[in-house]
Amino acid sequence: MHAYDAGLLIVRLALGLTVAAHGTQKLFGWFGGGGLEGTGQFFAMSGYPSGKTMALVAGLSETLGGLGLVLGLLTPLAGAAVLGTMINAMAVKWGGGFFAPAGVEYELLLAATAAGLALTGPGRLAVDRRLPVLRAHRLLHGIAAVVLAAVIAGLVLLVRD
């Protein structure tokens, strides 16, 4: 094992568990979250059509993307799921400046880390190492995933008021 494999594992665990926890707040109301109903109302107030459906999409993207990162499973797509969700989160909070709690610094850090993992791959301590197509991570996989995240996030933002 190389030092970068251990480092990538730590980054994947920290990002993946954090984002998955946020997803479960949206889906199930765990950890003080609003569940689908409360999160759906927030999405509707933020200009998204079908707030509850958008809450479901965001919750699933965060939960499944986060768990994918934790496991190192389909890492480029897991990173893309997190990145796309964070692009939308930054758009919602954009007028609040840079620094938390009203600003976008937290979401930007999560988005950049997700994009970085999509581009670099999960390292050797990952399920992807057992999958023939992803065993040897290719930069092209990461680039395609980041572009996919940006395009889908952009399309979602187009339907927002």
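Contact here means heavy atoms within 4.5 Å. The legends below describe close-up views of a predicted model.

Figure 1. Asn88 belongs to helix α4, which spans residues 75-93. With a relative accessibility of 10%, Asn88 counts as buried, because buried means under 20% relative accessible area. When its neighbours within four places in sequence are left aside, Asn88 is in contact with Tyr48, Ala153, Val156 and Leu157.

Figure 2. Asp5 is located in helix α1. The relative accessible area of Asp5 is 0%, and the residue is therefore buried. Residues up to four places away in sequence are not counted here; beyond them, Asp5 touches Gly123, Arg124 and Leu125. A further distance may be followed from Asp5 to Gly66: the two residues are 61 residues apart in sequence, and their C-alpha atoms are 18 Å apart in space.

**Figure 3. Packing of helix α1 against helix α3.** The axes of α1 and α3 lie 7 Å apart, and the two helices pack at an angle of about 155 degrees. This angle makes α1 roughly antiparallel to α3, because angles over 145 degrees count as roughly antiparallel. The crossing of the pair is left-handed. On the α1 side, the contact includes Arg12, Leu13, Leu15, Gly16 and Leu17, as well as Lys26 and Leu27. By class, the residues of the contact of α1 with α3 comprise 14 nonpolar, seven polar and three charged.

**Figure 4. Crossing of helix α1 and helix α5.** Helix α1 covers residues 3-28 and helix α5 covers residues 105-120; their axes come within 11 Å and cross at roughly 130 degrees. At this angle α1 is oblique to α5. The crossing in which α1 passes α5 is left-handed. From α1, the residues Leu8, Val11, Arg12, Leu15, Thr18, Val19 and His22 take part, and they meet Tyr106, Leu110, Thr113, Ala114, Leu117 and Thr120 of α5. The residues of this contact of α1 with α5 are divided into eight nonpolar, four polar and one charged.

**Figure 5. Crossing of helix α2 and helix α3.** The axes of α2 and α3 come within 7 Å, crossing at roughly 110 degrees. The angle makes α2 roughly perpendicular to α3, because values of 65 to 115 degrees count as roughly perpendicular. The crossing of α2 and α3 is right-handed. Leu36, Glu37, Thr39, Gly40, Phe43 and Ala44 are the residues of α2 in this view, and they meet Gly51, Lys52, Met54, Ala55, Leu56 and Ala58 of α3. Sorted by class, the residues of the contact of α2 with α3 are seven nonpolar, three polar and two charged.

**Figure 6. The buried face of helix α2.** Within helix α2, residues 35-45, the buried residues are Gly35, Thr39, Gly40 and Phe43. Viewed down the axis of α2, these buried residues fall within an arc of 135 degrees, so they line one face of the helix. Among the elements that cover the buried residues of α2 are α1 and α3. Just after α2 comes Gly47, which takes a positive phi of about 95 degrees.

Figure 7. Most residues other than glycine have a negative phi, and most peptide bonds are trans. Phe31, in the loop between α1 and α2, has a positive phi near 55 degrees. With a relative accessible area of 62%, Phe31 is exposed. Leu74 lies in the loop between α3 and α4, and its phi is positive as well, near 50 degrees. The relative accessible area of Leu74 is 39%, which means that Leu74 is partly exposed. In the loop between α4 and α5 lies Pro101. The peptide bond from Ala100 to Pro101 is cis, with omega near 10 degrees.

How values were computed
Residues are numbered from 1 along each chain as its sequence is written. This is a predicted model: local features need pLDDT of at least 70, side-chain atom pairs count only at pLDDT 80 or more; totals for chains, interfaces and linings use all residues. Side-chain values use heavy atoms; hydrogens and water are left out. Axes are lines fitted to C-alpha atoms, for helices over the stretch in contact, and angles run from 0 to 180 degrees between N-to-C directions. Helices (H or I, at least four residues) and strands (E, at least two) are DSSP runs, numbered from the N terminus. Angles under 35 degrees count as roughly parallel, over 145 as roughly antiparallel, 65 to 115 as roughly perpendicular and the rest as oblique. A crossing is left-handed if the near helix is turned anticlockwise from the far one by less than a right angle, and right-handed if clockwise. Ala, Val, Leu, Ile, Met, Phe, Trp, Tyr, Cys and Pro count as nonpolar, Asp, Glu, Lys and Arg as charged, and the others, Gly among them, as polar. Buried means under 20% relative accessible area, exposed over 50%, partly exposed in between (1.4 Å probe, protein chains only). The arc is that of the directions from the helix axis to the C-beta atoms.
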